[in-house]
Amino acid sequence: MARKKANSRKKKSPANGVGKKTAPAVVNQTPAEEKAAPIVEETAPVAEKTEVTAAEPAPVEEKTAPAAEEAAPAVEKMETPATEPAPVEEKTAPAAEETTPVAEKTETPAAEPAPVEEKAAPVVEETAPAAEKMETPATEPAPVEEKTALAAEEAAPAAEKTEATATEPAPVEEKAAPVVEETVPATEKTETVVKKRTSTRKKAAPAAKKAESSPKKTTSTKKKAAPIVEEPAPVVEETTTINVMSDLPRRSVAFIGSECHPFVKTGGLGDVMYALPRELVRLNCDVRVILPRYACIPQQYQDKMVYRGEFYMDLGKTGREYYVGIMEYICDGVVYDFIDNQEFFSSGNPYLNLVDDIPKYCFFSKAALAALNFMNWIPDIIHCHDWQAALVPVYLRTLFQDSPVGHARSILTIHNLRFQGIYNIPTIQYWSGLPDSVFNMGALKQDYEDANMLKGGLAYADRITTVSGTYAGEIQTSEYGEHLEGHLRYHSGKLRGIVNGIDYGMWNPETDPALAVNYGLGNVLDHKMENKLALQKELGLEEDESKFVIGLISRLTNQKGLDLVSSIVPQVLDGNTQVVVLGTGDKQYEDTFRYYEDTYRGTFSACIQYDEARAHRIYAGADALLVPSRFEPCGLTQLNAMHYGTIPIVRETGGLKDTVEPYNTFTGDGNGFTFDRYEAGLLLDAINRAKTEYFTNRYHWDEVVQRDMAKDVSWENSAKQYKDLYLELTPW
Ligand code: ADP
Ligand code: GLC
């Protein structure tokens, strides 16, 4: 059996110029590039149109401000959502969260011809009308428009101009005009702001010094004329650096997403945002990660951030200028830029509810692009993650198309299709300030009156990726498509699945400081027992190394197959087995697991908490780890488990299917125990097969333990695939 020594790659060496500004050489795009991503090229005219009309600043600005003020009460309420969310919005929110009401009818495959990029081309070129043609074929053309118009009328008088035209199906070019006028200030101001600051950049160095002494810049909503510009040099850099181990051409990449370990993490997205940039540095990428500066980021990191600059940015139809601070921290060759605004990011949890989150992530997406312009750091690639950053590709091809950052190509990665950022059109229009032309069925519009941020991002991104090959296929089916299957099939030409890995520095049983005893491939069998005993002691379980310990580390949500687990716990606890659950989430699951802990004291442990160190100890101390998910885009817990010599028991779905080869009793091959259909009986059967192997065939069990530890679940291979994708998009 071929075994690879874990962590053999962990050599460090000096920095390699990360943080260096990229020259905006991207400006001259070659014809080859145009071929590579036809969709973007075709969307350009929209933006061009937008910005051509945008050339009448003063009168429009005058017009826009009062219009925004006139915005309907519902929208006004949105501005202070924490205090009094409008009843209307409350009603919409849960529906949006469940992502139920989607335009299935309007997005039937018939309406969306073959998923060929060439075919898509003319559609996008024609912008709004074409998209309408494509996706609202004969099914429901006029009523949709009428309804939308009505909705807009109710929501915001500011949208009157839009409605007037919205009822006329054909002359959409003209329709777009008044809307564009409304967005003019956004574009104009954004660019003006950026330019102003940039031009004063060299002179302004002392300001940075001043600001550094008070890094916790507070948000102000007052308009402010004088820009304070930082000196780009004084950033804190952690000493550890990553060795570039690649002779692939250098590319610069901006990661934009809503969470990132170790600053803020609620799930696997945080792991990916941490690990993938680090691996890309090894592959000769210049990476900047742009994140919200949430108040909940631990103080130890807040203290390390250095003030990088600030500017003011308008937002949608709010008629206000918003403070955008940039706080910087460099670690292991990756530059982290935190977008600071206490009005949006002051809560203790990154995600609250859609009423708060929609404005927050409209702001974040726009501010991230404005910040890149401000810093004059124009990346080759902008790599966005999930719905929270999904408006970035849309902004890029509209309000920012003619600004420096407009030269970048975009990739949108779907980590979890269940969350899409859906709200009514007037609200998203109000906060995003995006032109009417993007609120069509080919992009943001969904159903009768909703806008879907993820859907828009998928339409405008140059490439779409998701986190496993199997999930890439699954999301094009009605079973897993979360009502976007038609849209995804339509865009399948630019969709790719790239499976996640784990960071071998963060997940390394040989050095993991959280473990009772460190171990490696050579001594796993002995030391795992010691970790098991320590875990049992820590959790108040019967301390007996002969027990079969099953771990479950998970967000406690409907996605994770917890109803299956909770229905079989009594059968699993046979006297020789212990179960440890670590997670937080839906109350029903938390309560169920607490109940089991009460009922089966000493054999069932429910840790209803988020505890990173404890998670590491469970990976090390358990014999098996359950991941019976209803759907799982990739899943990282099974990878962590395997790397710690803990055998996964998983449902064959998404990334679980791609990463866990079913154990074959006859050949002894495989990495874990699997089941296919979402049924409690099949999960129980998989657990029983694992137990049988553990109790009656320990030799083979131990072989699997060692095989799993030796399996390559690092980022190395997957990061190469991302790099290939970047190069494909930037073939110069
Ligand atoms: P998802 O992103 O859907 O939550 P993943 O398997 O991709 O699922 O990633 C989950 C990540 O979050 C893993 O790193 C896992 O260890 C971690 N995690 C989940 N729940 C907890 C918890 N309660 N305490 C500590 N870590 C947790
Ligand atoms: C999502 C998915 C999970 C995936 C993670 C990181 O949260 O639920 O399967 O591993 O993102 O991509």
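Which helix supplies the largest share of the shell around ligand 1? The largest share, 3 residues, comes from H24.

The model is a predicted one, in which local features need pLDDT of at least 70, side-chain atom pairs count only at pLDDT 80 or more, and totals for chains, interfaces and linings use all residues. Residues are numbered from 1 along each chain as its sequence is written, chains are lettered from A and ligands numbered from 1 in the order in which they are written, and side-chain values use heavy atoms, with hydrogens and water left out.

The shell around ligand 1 contains 23 residues, and the closest are Gly 268, Asp 271, Arg 555, Lys 560 and Tyr 619. A residue is near a molecule or strand if one of its heavy atoms lies within 4 Å of it. Three helices, H12 (268–282), H24 (612–621) and H25 (637–643), each supply at least two residues of this shell. Helices (H or I, at least four residues) and strands (E, at least two) are DSSP runs numbered from the N terminus. By residue class the shell around ligand 1 divides into 7 nonpolar, 9 polar and 7 charged residues. In this division Ala, Val, Leu, Ile, Met, Phe, Trp, Tyr, Cys and Pro count as nonpolar, Asp, Glu, Lys and Arg as charged, and the others, Gly among them, as polar.

Polar contacts are pairs of N or O atoms within 3.5 Å; within protein, one atom must be able to donate a hydrogen and the other to accept it, and residues adjacent in sequence count only if both atoms are side-chain atoms. For ligand 1, an oxygen atom is 2.7 Å from an N or O atom in the side chain of Arg 555. A nitrogen atom of ligand 1 lies 2.9 Å from a backbone N or O atom of Gln 609, and an oxygen atom of the ligand is 3.4 Å from a polar backbone atom of Thr 637. On its own, ligand 1 has 560 Å² of accessible area, of which the protein covers 94%. Accessible areas come from the Shrake-Rupley method with a 1.4 Å probe; for residues, only the protein chains shown count as cover.

Around ligand 2 there are 14 residues, and His 415, Asn 500, Glu 632, Cys 634 and Gly 635 come nearest. The residues of this shell divide into 6 nonpolar, 6 polar and 2 charged.

The structure holds 31 salt bridges, each defined as a side-chain nitrogen of Lys or Arg within 4 Å of a carboxyl oxygen of Asp or Glu. In one of them, the side chains of Arg 282 and Glu 279 meet at 3.0 Å, N to O. Both residues lie in helix H12, 3 residues apart, about one turn of the helix. Relative accessible area separates buried (under 20%), partly exposed (in between) and exposed (over 50%) residues, with a 1.4 Å probe and protein chains only. Arg 282, at 13% relative accessibility, counts as buried, and Glu 279 is buried at 5%.

A further salt bridge joins the side chains of Asp 314 and Lys 366 (2.9 Å, N to O). Asp 314 lies in strand S3 (residues 306–314) and Lys 366 in helix H15 (residues 354–375), so the pair ties together parts that are 52 residues apart in sequence. Asp 314 and Lys 366 are buried. The side chains of Arg 463 and Glu 728 also meet in a salt bridge (3.3 Å, N to O). This pair links distant parts of the chain, with Arg 463 in strand S11 (residues 463–466) and Glu 728 in helix H29 (residues 716–729), 265 residues apart. Arg 463 is buried at 5% relative accessibility, whereas Glu 728 is partly exposed at 32%. Salt bridges that share partners join Arg 288, Arg 308, Glu 328 and Asp 337 into one network.

Backbone geometry was also examined. A cis peptide bond, with omega about 0°, joins His 261 and Pro 262. Pro 262 is found in the loop between strand S1 (251–256) and H12. Glu 482, which is not a glycine, has a positive phi of about 50°; Glu 482 is found in the loop between helix H19 (469–474) and helix H20 (485–490) and is buried at 12% relative accessible area.
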